[in-house]
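Here's a quick briefing to read alongside the model. Have the sequence and the 3D view open as you go.

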Amino acid sequence: MRPGLKSSYGPSSRSVSLWRNSRSRMQPDLFFPHLSANPPPTRTHRHGISSLCRAAAAAMKRSFDAMEAKPVFLSKEERQRLALERRQAAVADQRRSALDILQSLPRPPPPPPPSGAPRDSSSSHRDPSDRDRGDRDRDRDRDRDRDRRRDDDSRRDRDRDRDRDRDEPSRRDRDRDRDRDRDRDRDRDRDRDRDREHRDRERGERDKDREKDRLEKMAEREREKELEAIKEQYLGSKKPKKRVIKPSEKFRFSFDWENTEDTSRDMNMLYQAPHEARLLYGRGFLAGIDRREQKKAAAVFEKETRAEQRRKFGVEDRPEDDVADKKKAAAAEMYDAFDMRVDRHWSEKGIEEMTERDWRIFREDFNISYKGSRIPRPMRNWPESKLGTELLRAIEKVGYKKPSPIQMAAIPLGLQQRDVIGIAETGSGKTAAFVLPMLSYITRLPPISEDNEAEGPYAVVMAPTRELAQQIEEETVKFATYLGIKVVSIVGGQSIEEQGFKIRQGCEVVIATPGRLLDCLERRYAVLNQCNYVVLDEADRMIDMGFEPQVVGVLDAMPSSNLKPENEEEELDEKRIYRTTYMFSATMPPAVERLARKYLRNPVVVTIGTAGKATDLITQNVIMVKESEKMSRLQKILTDLGDKTAIVFCNTKKSADNRAKDLDKAGFRVTALHGGKSQDQREISLDGFRNRRFNVLVATDVAGRGIDIPDVAHVINYEMPSSVDTYTHRIGRTGRAGKKGLATSFLTLDNTDIFFDLKQMLTQSNSPVPPELARHEASKFKPGSVPDRPPRRNDTVYASH
C-alpha cells in the first residue's frame, strides 16, 4: 500500500479499490487519448482519493447506523419518498465523484497557436515553479469547496434524521391505528365470508334435499309405471272389452230378469234385513264352521235381541241380566265337551308329550328341512341335546342361551356319528353346530399321551382362508378349555417347522387350511392315522379357490378302513369307530356334491331356509351408478354411519389398496385386508377392526366367507362380484346372530353377468329392484340362454340410453 493513501474513516485498501473501480469505469482514455499511459499519482490525485475515502466512510457509517437502529414501520408513501431521496443522493454522489476524478487529472496542454499568430512573450517564458504554485492553489480551493459541500450534506442528513426521529412516535401511532383498522376490516370480511359460506351450505343442503325428494318421487312414479306395464303385460289390460251385439240378438226379446229390474228389495223390508237360520234357537251349530265363533255370534245375537225387546216393551235392565250375559260371553270363549279340542303349543309341552304334528310345526317354525333316512328328532334346547355334563357347563359359561336352527338340527345327527351336509344361511351358528359334536366325540376317546401322540390328532377341521381357520380355533378353544382338549391351528404365512413341532407334541384337534395341512403331511410333520372326524367348513369356497386336489389329498391320507359301509341297511358295529364327515356351506354347487358322493356315506342333508339365500334380517339396497360416482356415494354413506362399522368389498387387491388410501385421505379410520398382505398384517387389521380402532374395513373376498365380526352395521359392495353366491356371502357379514343389517351394492352396466340372478334374489327377498335393473335385457334371461319366444306385438320394450 502506498503511503499517503490512508484515511481516518476506513481502510485504505477499500479506498484504493474504489478509486481503481471508478477509474476503470470512467475510462479517461476515451476522452483524452493522449493520456493512455497512466502517470504515477500526484498530490492532486492523493487529495481526490482522500476525499473519495471520506465520502465512502461517511456512507458506510450511515448504513451501519441505519442497520443498528430499530426497525421503523413506514407507510407506502413514506417508503417511496425515502427511496426517491436515496436515489437522488446516490446519483449526486456518483456525479460529484466522477467530476472530482476528471478534475484531478492533469489538463492537456493548450493547442499551439497558428503559425501566423503573434506569440505572448510573457506566457512563453513563464517559470515552471509559478505554474506549479498556481496548480496547488487551484487544488486547495477545490478541496475546500468539496469539504464545504460535504459538511453541508452531512448537516442536512443529521437534520433529516433528527426530523425523522421526532416524527417517529406519531408515525408509529398512525401505523398502529392503520393496522388496527386493517385488522378490524379483515375480521369483518372474514365474518362476512363465513356467514356467506354458511348460507351457501344451507342453501346447498336444501337444494340437495329438494333434489333428493324429487328424484325419489320420480323413481316412485317410474316404479309405478313399470309395475303397471308388467301387470298389463302379464295380466292383460283392465279396459273392458266392448261387446259386439249381433244384429240377430239386437232385437231378440229376453224373458229373463236383469238385476236392475228387481224392485223387491225396495218394496219389501224382508229382503233388506234377511234373517239367518238359528238352529235350535241358537243352541245348534253349522258343520264346517268353528264352533266357538258360532257360540260367540249366538251370545251377541241373544243379547241384542233381549235389549231390543226391552226397549220395545219399556222394561228396565236388571243387574241379574247383565251378570248372566257376562257368564254366557265367558262360556262362549271356552270349549265345552262337545267342541273340538285345541292342543297346546309345542313350546308348552315336554319332550314326552310331543306328537308328530308338534314336530312338524316345530320344523316349520324354524324353517328346518331334512333329506335322508332314520333322522333323529331335533333338539329344542340345550338340556335336551344329550351332550355331556361338562360340555353343557362349558356352554353355559360361554353364554349360549338358546341353540340356533342349524344347531338344533345338526347336533343330534353329529352325536349319532352320521355324515351331515349342512346348508344354512351365513351367520347362523354353523361353527358350534360341528364343534360341539366333535368335542363330545373326543371326550369318549382316551386322552392324547406319549403312547398315542405320534398317531396324529383325533379330528381335523379344514377352512378355505386363514382368517376363518383362526376364527374356528377361537370358537373351539372356548369349549375345549373346560374339557382339557388341546387345539392347534395350521395356516399359511407362519413357520411350518413350528407348526409341525406343535402337532408332534400332541393335540386332539387340528384346524387348518388345505394347502398347509397337505404340506405338513407330505413333509411328515403330521400323520392322520387315528383321525376319524373330518369337518369341511365353507366347502364350496374351497372348491372355488381351487383347493379340491388338496382336500382330496388330505382325505386320502386318512385310513380308509373306518369308512361306513355304502349299504344303508347294513348294521354298524358298535365296537368300531367309523369316520364321521361334516360338510357345511351356504350353497351347494355340483363340485361339492361330487365330493360328498365320494367321501360321505348316506349323509343327511340339513337345510335351514333356502340354499343360497341371504337371511331376511338383511336389508338389501342396490344402486345403479356410474363408475365416477362411486367414491362420492361411498363417502356419503360412511359419513352417515358415524361410529358404526362397515365393510367395503372390492374385487382386486390393487383396488382395495387404492380405495383404502382414498378413504384415509378423506379422514376415515380405515384398514385394508386382502391376500397380498402378510399374516401378521392381516391379523392386525382384523383385530383393529374388531376392537373399533378402525371403523371401515376395505377387503377382497378373503373376508367374504365365514369371518364373524360382531356388530357390522353396513356391508358395501363397491365392486359387484361375478356370481350371486359370492354376493350372498359378502352381505352375510352383517345381520348375524339375529341382528339386523344393511347391505348396499353399487351396480354398473359392466356387471351384466349378475343381473339375472341378482334380480331373482332381490325379488325373492322382497327387496326393491332398481328400475334400470328391471328394464335391462340381461335381467330377463339367464346368461348363456336363448329367449323362448320373440317379443310379441303388444309387449312393452324398454330402450336403454
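This is a predicted model: local features need pLDDT of at least 70, side-chain atom pairs count only at pLDDT 80 or more; totals for chains, interfaces and linings use all residues.

- As background, most residues other than glycine have a negative phi.
- Asn367 sits in the loop that runs between helix 12 and strand 1.
- With a relative accessible area of 45%, Asn367 counts as partly exposed, because that class covers values between 20% and 50%.
- Arg374 is not a glycine either, yet it has a positive phi of about 50°.
- You'll find Arg374 in the loop between strand 1 and helix 13 (389-398).
- Arg374 is exposed, since its relative accessible area is 61% and the cut-off for exposed is over 50%.

**Helix 12 and its buried face**

- Which residues of helix 12 are buried? In this helix (residues 356-365), they are Asp358, Trp359 and Phe362.
- Looking down the axis of helix 12, the buried residues fall within an arc of 100°, so they line one face of the helix.
- The cover over these buried residues of helix 12 includes strand 1 (368-371) and helix 14.

**Helix 14 against helix 15**

- Helix 14 (residues 405-415) and helix 15 (residues 430-443) have axes that come within 9 Å and cross at roughly 25°.
- That angle makes helix 14 roughly parallel to helix 15, because angles under 35 degrees count as roughly parallel.
- The crossing of helix 14 past helix 15 is right-handed.
- On the helix 14 side, the contact is made by Ile406, Gln407, Ala410, Ile411, Gly414 and Leu415.
- Helix 15 brings Lys430, Ala432, Ala433, Leu436, Pro437 and Ser440 to that contact.
- Sorted by class, the contact of helix 14 with helix 15 has eight nonpolar, three polar and one charged residues.

**Helix 20 against helix 21**

- Here the pair is helix 20 (residues 548-556) and helix 21 (residues 590-599), packing at an angle of about 10° with their axes 12 Å apart.
- So helix 20 is roughly parallel to helix 21.
- Helix 20 contributes Glu548, Val551, Val552, Leu555 and Asp556 to the contact, and helix 21 contributes Arg594, Leu595, Lys598 and Tyr599.

**A buried serine**

- Ser655 is part of helix 23 (residues 653-665).
- Is Ser655 buried or exposed? At 7% relative accessibility, Ser655 counts as buried, because the cut-off for buried is under 20%.
- Leaving out residues up to four places away in sequence, Ser655 touches Cys650 and Glu719.

**The whole protein**

- There are 27 helices and 14 strands in the protein.
- Of the 801 residues in the protein, 37% are buried.
- Take the contacts between residues at least 6 apart in sequence: 73% of them join residues at least 24 apart.

Definitions and conventions:
Residues are numbered from 1 along each chain as its sequence is written. Side-chain values use heavy atoms; hydrogens and water are left out. Axes are lines fitted to C-alpha atoms, for helices over the stretch in contact, and angles run from 0 to 180 degrees between N-to-C directions. Helices (H or I, at least four residues) and strands (E, at least two) are DSSP runs, numbered from the N terminus. Angles under 35 degrees count as roughly parallel, over 145 as roughly antiparallel, 65 to 115 as roughly perpendicular and the rest as oblique. A crossing is left-handed if the near helix is turned anticlockwise from the far one by less than a right angle, and right-handed if clockwise. Contact means heavy atoms within 4.5 Å. Ala, Val, Leu, Ile, Met, Phe, Trp, Tyr, Cys and Pro count as nonpolar, Asp, Glu, Lys and Arg as charged, and the others, Gly among them, as polar. Buried means under 20% relative accessible area, exposed over 50%, partly exposed in between (1.4 Å probe, protein chains only). The arc is that of the directions from the helix axis to the C-beta atoms.
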